[in-house]
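This report looks at how two protein chains meet, and then at some single parts of each chain. Please keep the structure in view while reading.

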Amino acid sequence: MAAMTQTVNNSGRHKKRTFGEWARSRDGQKVFVMVAFMIIPLVLLFVFTYLPFAEMFGFSFYNMKYTGDRKFVGLKNYIRVFQRSDCFGALKLSLYYMGGSIVQLALSLYLATVLSFKVKGGSVFKGFMFFPYLINGIAIGFIFKFFYTRGFVFDTVLQWCGFSLDNLPYWLKDQSINNISLVGTSVWRYFGQNMVLFIGAIMSVDAELYEAAMLDGAGRFQQFKYIILPSIKTIITLNVILSITGSLSAFEPPYVITDGANGTGTYFVVMHEISHTQQKVGLASAMAIILLMIIFAATILQKVFFKYVFKSAEDEDLNATAKRDKKLAKLAQRKAGR
Amino acid sequence: MKLKKVLALSLAAAMTFSLIGCGSDDGAANDTSAADNTTTEDSTPAADDTAADDTTDTAADDAADDGASTEATGVPTYSQLNVGTDYTDLTASIKWIHHKTDREEDGTIAAMVEAFNQVYPNITVETEGVTDYAEDSLLRLSTGDWGDIMFIPAVDKSDLATYFQPMDSLENMSNEINFADQWEFGGTSYGVPYMANAQGVLYNKAVFEAAGITELPTTPTEFLDCLQKIKDNTDAIPLYTNYAAGWTMGAWDAYLGTVANGDAAYQNQKFVHTANPFDDPGDDTGIYNLYRILYDAVANGLTEDDYTTTDWEGCKAMINNGEIGTMVLGSWAYAQMVEAGEHGDDIGYMPFPITVGGTQYVAAGGDYNFAINVNSSDENKTAAMVFIKWMTEESGWCFNEGGYTVDKNGQNPDMYSAFDGCTVVADQPAVAGEETLLNDMNSESELSFNAGGDAKVQEIVEAAATGSKTFDDLMAEWTQKWNDAQDYLEIEVNN
């Protein structure tokens, strides 16, 4: 666009160019190249993202199945989503996944900090911890189904540690802990990936800063707090936002491992059941739109929250100056009093 | 700003694919079909489709009715074909999509196609086994471009003519095959079952003997006593629920009509009009007592220890080795259990233990039905018709799978010997004009009987194991949902 207006300005100064001349000129070529490069990704984006989304948005106003007639029902689907206990009841399960994502981020931030300094066998650890992210989610589901089976892997390992089988809970049957078991699989899968992102960010911190901090007498934790944390806040914000949105839309662990039964049906699993088994496509589309709104809201709230948190972290310096000024003033007072 | 953009894009993408791509966990192939579906759905509006198809359908219907005027459409009806003599020089290339991935892999289907080609050398049959068939086939169906033969997925009967070529009139079909009315609409049959199932209970004869059970149970109470005996006298799991697989729990729905109520018209005609179908009739019959078996078995510890980690593949060998007493599954499962180990002779199949008015009823019905794409060319339709009739009459597939015979002149396997003395009937179809009512009720009430409603049966197991709800509470909930759906759909209710 900028190129276009410039062309117009230029053509005003020189004598008028025909379209052919303009097309052959540098400005024209620039526009052509830009359009040519943009058109493919934009078409792909439109056809495979926005068009289906618009379709689904349209579906949410109909009472329809995959096949057969559709009946326009206006906002009734949305009202029904709010009237049903299972839709929003399922969102409560997201709290488990959010709790899990906090653990996951803390763990990965800790490991990333440790591994970003010189550690023996660091790359091996990084590799092992990143590996689960490379496995297909469905495969992970099957792995953990056997992992949690009574008397199989997990129970055997715990028995080696001295637990007796009779005291161990049923990891997937017991409704008080089965969601935690499922969240565990998701933490196991994603913490390595978060860690690698954090390490990447930490690597970009100038090493001289550590040296300078050490000379000033800063310990490891203070280095982390005052140098590393502020330097990687963007990536932390990104990871937190992705994790929280991910927990709102958790699907694979409950769907593959427990089939969403036994109190583990998350919002997505309920949506899947409604759209595919009960064939209420309109209702499920409305659920999807509502979840989108919730995710938007959650994302905006988090942005606001992080703005506040990191602002105070930057203000630390100002406070420090103020404190130092106070101390100096006190000293001066004492001197004057003496 | 960059962060915001990345986020917005990834969110939008995630949301869009969340709904459309939900079933696509097992491969890129599904993703494409889902995408195809969304993009083509609008370019071929349903209205156009029906208009175009209606003309061919009426023509075909006429042909079916008066039998002789097949030249009009060029496609013979099912009853007009003589397998082995007609159309042996026909050249065509047809594609068949099906759900029997196991038979595709072990070469059974390839062997059958080869045998078919001995008689019809110029008809090429391409086959494709589809995992997750129930969902995938529906998506493909709406694109219209899926091949020539498919197994009919869960479509509304009123839509049959939109998608499928009529096989023949119901009257003619009934002379040729059993269960001809399974996919019937307005007097025309659209499908032929590849095999039929009789609904009973799988059991291990050796376990029953060791437990001291001499006579097969005939009522829910007797059945629960048998399970208790198995628990007391053997190490076997009396009743294996197969809870984790999900669909295996939905298998319980198969007994709710003919078996539990002793009425072949119950499931498709009376059920939707019944005000309180889940009440206890007090005589060990009815839907109430059918599911009571499951609830009581779980509550009394007569099922496996940890139901959430049951393993469908593993259970086959377990029942074969005598580690499982009984499993509630259709007859199609019999052959797999026999093949799963060395003790195939121990596997038995008995009628479901509910006796209505002194008679034990057995519901038999077609499995998935072959059907022909209405949009295929006439040559392909003819070739498909020939193939389907050959599969039904000559391939022996139904017999080999342990199925109840589809072909009127076919033979039944030995496993059905315990069914002597029982009344074997097929569920009657819905009355004219109410064909879609059961589907609508299933969808509206979200109980989905015999239509993937596994979750509600799993809930029985959960409630019984945790004691969170009594069985009467559960049935009251179902009644509530059922009645609400009846209200919503304005269905006439009889008490």
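## Polar contacts and salt bridges

Across the interface of chain A and chain B, 15 residue pairs are in polar contact, both residues being at pLDDT 80 or more. A polar contact is a pair of N or O atoms within 3.5 Å; within protein, one must be able to donate a hydrogen and the other to accept it, and residues adjacent in sequence count only if both atoms are side-chain atoms. On the side of chain A that touches chain B, helices 3 (26–59), 7 (137–148), 12 (233–248), 14 (267–277) and 15 (281–337) each supply at least two residues. Helices here are DSSP runs of H or I with at least four residues, and strands are runs of E with at least two, numbered from the N terminus.

The same interface has six salt bridges by the rule, which asks for a side-chain nitrogen of Lys or Arg within 4 Å of a carboxyl oxygen of Asp or Glu. One of them joins K65(A) and D440(B), whose closest N and O atoms are 3.3 Å apart.

## Basis of the model

This is a predicted model, in which local features need pLDDT of at least 70 and side-chain atom pairs count only at pLDDT 80 or more, while totals for chains, interfaces and linings use all residues. Residues are numbered from 1 along each chain as its sequence is written, chains are lettered from A and ligands numbered from 1 in the order in which they are written, and side-chain values use heavy atoms, without hydrogens and water.

## Extent of the interface

Contact (heavy atoms within 4.5 Å) links 58 residues of chain A with 55 residues of chain B. The buried area, meaning the accessible area (1.4 Å probe) that two parts lose on being put together, summed over both, is about 4,700 Å², and carbon and sulfur atoms give 60% of that. In chain A, T67(A), K173(A) and Q278(A) lose the most area to chain B, together 12% of what that side buries.

T245(A) lies in helix 12 of chain A. Its relative accessibility is 5%, so T245(A) counts as buried; buried means under 20% relative accessible area, exposed over 50%, and partly exposed in between (1.4 Å probe, protein chains only). A polar atom of its side chain lies 3.2 Å from the backbone oxygen of L242(A).

In chain B, Q360(B) belongs to strand 15 (residues 359–366). Q360(B) counts as buried because its relative accessibility is 13%. The backbone oxygen of F352(B) is 3.0 Å from a polar atom of the Q360(B) side chain.
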